[in-house]
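Keep the structure open alongside the text.

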Amino acid sequence: MRMKLFHMFLIFCLAALSLLTVYSVSPERVNAAPTTYEAENGTMSGTAKSVSCSACSGGSKVGYIGSNSENYVTMNVNALSSASYNMEIYFLVSGTRDFYISVNGATGTQQTLSGSSWSTPEKATMTVQLNAGNNTIKFYNDTVSAPDLDSIVITGSMVTAGWTEIPWDSNSYYVQNRTNAPMSERFWIVNGVYTTRVYSGEERVEMRWNNWADQNKDNMWEADVMFEPGTEKTAIMQIKSNTGGEPIYIQATSNGNIRNNGDSTNIATNMAGKWFNLKCAFNPSTGVGRIWINDVLVKTRQYNTSDREWYFKNGTYNNGISDGNYSEAHFKNIRVWRNDN
């Protein structure tokens, strides 16, 4: 009888454990789930206030933002982990106005937004770097009136779900200044933004990263990137081996277009002067290289190789800049990943 009761108890415990396993939720899925934050639930300052809006997601919007430093709205956002997140901004404006968007007190990023109505929301998308736990996202314009704000939607990146982030520091790269100018005139870091510049007649200015620790797995470089209008015929990111070539060689061509070298098809157009999230990955074992822009897969390339000396490079590599011109690129929120699965 005791043995029978013990067997019944053991079966019950195993069943309970099975249920717990089935219904557990992985952090990656929670991290990636879209979460909506209504502007009217944020903290409003100065003239910023909630206004009725029948077409808005919560039936209201926040208006009267901007004109001076006192008029803004701050959203409190909770993130599961420190990572890059996609942020959809639902706004209203008739014409064109600017938001400045500050995350956790950092220098604001300018977003120029256009619309045709104060009653119908439009959508814009950007990438934000959030910390694990509570974060603040402030919408403001200290000089002129800003758009109205309906809501924001935060979504974690599914691209890096399951990948291992590789810590890095200033010893993880060095700057290749192949010009005759002082380093301070070709490479600088301000408020976490890494900038490189190269002129016509010069070769390149690039951050050369250390060779990958594991050369047999998918390795990824990620950053928020912007190149200045006028940048042309310039490589801004490479996955490279000195003997194996470049499966990824991203060029800013003319008119703000981007392509992977050797392919005449643009992977993005009209990108000059805009921040965008760029992810580039290559697996030497399978030969598969991939490029994502704002978490959309825009390029897959098969590049079979036996080489195992791969590394990342980002910066400005002159591929034929017009006389008297220069190319300039900016990089922030740089992250390095490896797929250990």
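## Basis and overall build

Helices (H or I, at least four residues) and strands (E, at least two) are DSSP runs, numbered from the N terminus. By that rule the chain holds two helices and 24 strands. The model is predicted: local features need pLDDT of at least 70, side-chain atom pairs count only at pLDDT 80 or more, and totals for chains, interfaces and linings use all residues. Residues are numbered from 1 along each chain as its sequence is written, and side-chain values use heavy atoms, with hydrogens and water left out.

Taken along the principal axes, the C-alpha atoms fill a box of roughly 90 × 60 × 35 Å. Buried means under 20% relative accessible area, exposed over 50%, and partly exposed in between (1.4 Å probe, protein chains only). Of the 341 residues in the chain, 48% are buried. A contact means heavy atoms within 4.5 Å. Among contacts with a separation of 6 or more, 72% join residues 24 or more positions apart.

## Around N219

N219 sits in strand β15 (residues 219-227). Its relative accessibility is 3%, so N219 counts as buried. Leaving out residues up to four places away in sequence, N219 touches W163, W212, D214, C280, A281, F282, F312, W337 and R338.

One polar contact stands here. The term covers a pair of N or O atoms within 3.5 Å; within protein, one must be able to donate a hydrogen and the other to accept it, and residues adjacent in sequence count only if both atoms are side-chain atoms. The side chain of N219 reaches the backbone oxygen of D214 at 3.1 Å.

## Aromatic pairs

Rings of Phe, Tyr and Trp (its six-membered ring) pair if their centres lie within 6.5 Å; planes under 30 degrees apart count as stacked, over 60 as edge-to-face and the rest as tilted. The count comes to 14 aromatic pairs. W212 and F312 form a tilted pair, 5.1 Å centre to centre with 45° between the planes. This pair links distant parts of the chain: W212 is in the loop between β14 (204-209) and β15, F312 is in strand β23 (residues 311-318), and they are 100 residues apart. W212 is buried, at 7% relative accessible area. F312 is also buried, at 2%.

F282 and Y303 pair edge-to-face, with 6.2 Å between centres and 80° between planes. F282 lies in strand β20 (residues 276-283) and Y303 in the loop between β22 (296-302) and β23, so the pair ties together parts that are 21 residues apart in sequence. F282 is buried at 0% relative accessibility. Y303 is buried too, with a relative accessible area of 19%. Elsewhere, W168, Y173, Y194 and W209 form one aromatic cluster.

## Y303 and G245

What does Y303 touch beyond its neighbours within four places in sequence? The contacts are G244, G245, E246, P247, F282, G287 and W310. A polar atom of the Y303 side chain lies 2.6 Å from the backbone oxygen of G244.

G245 is in strand β17 (residues 245-252). C-alpha to C-alpha, G245 and Y303 are 9.5 Å apart in space and 58 residues apart in sequence. With neighbours within four places set aside, G245 contacts I239, K240, Y303 and W310. By contrast, Y303 and S82 are 32 Å apart, C-alpha to C-alpha, and 221 residues apart in sequence.

## Charges over rings

A charge sits over a ring if NZ of Lys or CZ of Arg is within 6 Å of the ring centre and within 35 degrees of the ring normal. K138 lies over the face of Y140, 4.9 Å from the ring centre. R197 lies over the face of Y326, at 4.6 Å from the ring centre.

## The largest pocket

A pocket, on a 1 Å grid over the protein atoms alone, is an open set of points where a 1.4 Å probe fits, with protein on both sides within 12 Å along at least five of seven lines; lining residues have an atom within 4 Å of a point. The largest pocket has about 1200 Å³ of space. Its lining counts 41 residues, and the closest to its centre are T109, M126, T127, W275 and K332. The elements giving two or more residues to the lining are β6 (83-103), β7 (109-130), β13 (193-199), β15, β20 and β24 (326-338). β7 gives the largest share, eleven residues.

Key: Grid points are joined across faces, edges and corners, and a volume is the space filled by probe spheres set on the points.
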